[in-house]
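Welcome! Please keep the sequence and the 3D view open as you read.

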Amino acid sequence: MRALQNKGPIEIKLMNQEPSSPIAIRLVNVKKYFKDRDVEALGGVSLEVLRGEFITLIGPSGSGKSTLLELLGDIGDEGGPTGGEISIEGKTPEELRRTRGYGIVFQESTLFPWYRIFENCLLPFRIAKSRLPSKQQVQRIEMLLEMVGLDKKFWSYYPRELSGGMQQRVAIVRALALDPPLLLMDEPFGALDDLTRKSMQMLLLDIWSKTQKTILMVTHSISEACFMSDRVVVLSHRPGRIARIVSIPLDRPRERPMSETKAFARICSMVREALGSGGALEENGSIKE
Ligand SMILES: Nc1ncnc2c1ncn2[C@@H]1O[C@H](COP(=O)(O)OP(=O)(O)OP(=O)(O)O)[C@@H](O)[C@H]1O
Ligand SMILES: [Mg+2]
């Protein structure tokens, strides 16, 4: 198991990350205490994520999943972790953010309503003051919009003229525009209807296999977590700690019928049990709010 549950000399040694290391993300006893609200959100999370791995984070509401992504992306409004260490591709979160080392997708599309879709997708180049010639920027966005299957006629639309699923496709394009090695996703499909959600799952798996990104995705859905990821990281009730890491032994590429098998049901029940033992489940099996 790659989770490092106890702080000790071995973990400290592991922080000396080499450039050739297969480890993309290293968290050592990461804690977060929100002083103004007197809330201990994360109680010490240690985890190693391999480069190119697809990890899902699941846990009850308030267990610190979004907080963890914010710490990784250095976008929290209350500074960094209050304890522990984070290293991503050998960088601190701040260095990663400055070098545009990750793309991020949220549950609600964060597209700018006054820009057309194509302009929204080009924004990361402008914000990063990219030196890539504008012709190549346009070509990259065209390639990505085609990859996510957004029909060309929508490229000149405004975000409000697109469905939720289409907007999330655009949000993925924007996150991938600068070709970062890491994608952080906070319940990216949480606001979509079931059918759209399932097709977005297949799309993301396809993108992941084509681009070889490391993905860290938060979800509330046990089946989504088990169907998509290599490992499911289950967080306990607040303060969030890793209750269990469940490795998913299903073949790649994942195909929909796999989620109908007994093996899949067993994997899901392992995650459900881990959530239950962390006190995360209601009696009917859904995640406590
Ligand atoms: N900026 C902040 N200031 C103060 N407290 C915060 C802040 N951000 C989060 N918290 C608190 O930290 C705890 C963890 O919040 P977080 O949003 O990370 O949970 P979550 O696991 O993402 O929950 P959900 O599943 O509902 O999205 C909560 O109690 C929340 O109120
Ligand atoms: Mg959250």
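How many aromatic pairs does the count come to? The count comes to six aromatic pairs, where rings of Phe, Tyr and Trp (its six-membered ring) pair if their centres lie within 6.5 Å.

## Before we start

This is a predicted model, in which local features need pLDDT of at least 70 and side-chain atom pairs count only at pLDDT 80 or more, while totals for chains, interfaces and linings use all residues. Residues are numbered from 1 along each chain as its sequence is written, chains are lettered from A and ligands numbered from 1 in the order in which they are written, and side-chain values use heavy atoms, with hydrogens and water left out.

## Aromatic pairs

Let us begin with Phe54 and Trp208. Their ring centres are 5.6 Å apart and their planes stand at 70°, so this pair is edge-to-face (planes over 60 degrees apart count as edge-to-face, under 30 as stacked and the rest as tilted). Phe54 belongs to strand 3 (residues 54-58) and Trp208 to helix 7 (residues 194-211), so the pair ties together parts that are 154 residues apart in sequence. Helices (H or I, at least four residues) and strands (E, at least two) are DSSP runs, numbered from the N terminus. Phe54 is buried, with a relative accessible area of 0%, and Trp208 is buried too, at 11%. Here buried means under 20% relative accessible area, exposed over 50% and partly exposed in between, with a 1.4 Å probe and protein chains only.

Next come Phe118 and Trp155, whose ring centres are 5.8 Å apart with planes at 35°, so the pair is tilted. Phe118 sits in helix 4 and Trp155 in the loop between helix 5 (134-147) and helix 6, so parts 37 residues apart in sequence are tied together. Both Phe118 and Trp155 are buried. Elsewhere, Phe112, Trp114 and Tyr115 form one aromatic cluster. A charge also meets a ring: Arg256 lies over the face of Phe227, at 4.2 Å from the ring centre. For this, NZ of Lys or CZ of Arg must be within 6 Å of the ring centre and within 35 degrees of the ring normal.

Now turn to strand 1 (residues 23-34) and strand 2, which run antiparallel and are joined by nine bridges; two strands pair if DSSP finds at least two bridges between them. Leu27 has Leu47, in strand 2, as its bridge partner. Four residues lie between the strands of this hairpin, where Asp38 takes a positive phi near 55°.

Is strand 2 largely enclosed or largely open? Nine of the 12 residues of strand 2 (residues 39-50) are buried, so the strand is largely enclosed by the rest of the structure. In strand 1 we find Ile23, which is buried, with a relative accessible area of 7%.

Helix 2 is mostly covered, with seven of its nine residues buried; among them are Leu68, Leu69, Leu71 and Leu72. Just after helix 2, Asp74 takes a positive phi of about 55°.

The structure holds one cavity of 30 Å³ or more. On a 1 Å grid over the protein atoms alone, a cavity is a set of points where a 1.4 Å probe fits but cannot get out, a pocket is an open set with protein on both sides within 12 Å along at least five of seven lines, and lining residues have an atom within 4 Å of a point. The largest cavity has a volume of about 30 Å³, and its lining includes Lys32, Phe34, Thr67 and Glu70. Helix 2 gives the largest share of this lining, three residues. By class, the lining has two nonpolar, three polar and four charged residues.

## The largest pocket

The largest pocket has a volume of about 590 Å³, a volume being the space filled by probe spheres set on grid points joined across faces, edges and corners. Strand 5 (102-105), helix 4 (117-127) and helix 6 (164-176) are the elements that give two or more residues to its lining. The pocket is lined by 20 residues, of which Arg100, Tyr102, Ile104, Pro124 and Ile127 lie nearest its centre. The lining divides into 14 nonpolar, three polar and three charged residues, where Ala, Val, Leu, Ile, Met, Phe, Trp, Tyr, Cys and Pro count as nonpolar, Asp, Glu, Lys and Arg as charged, and the others, Gly among them, as polar.

Ile88 lies in strand 4 (residues 83-88) and is buried, with a relative accessible area of 0%. Ile88 and Tyr102 are 14 residues apart in sequence and 9.7 Å apart in space, C-alpha to C-alpha.
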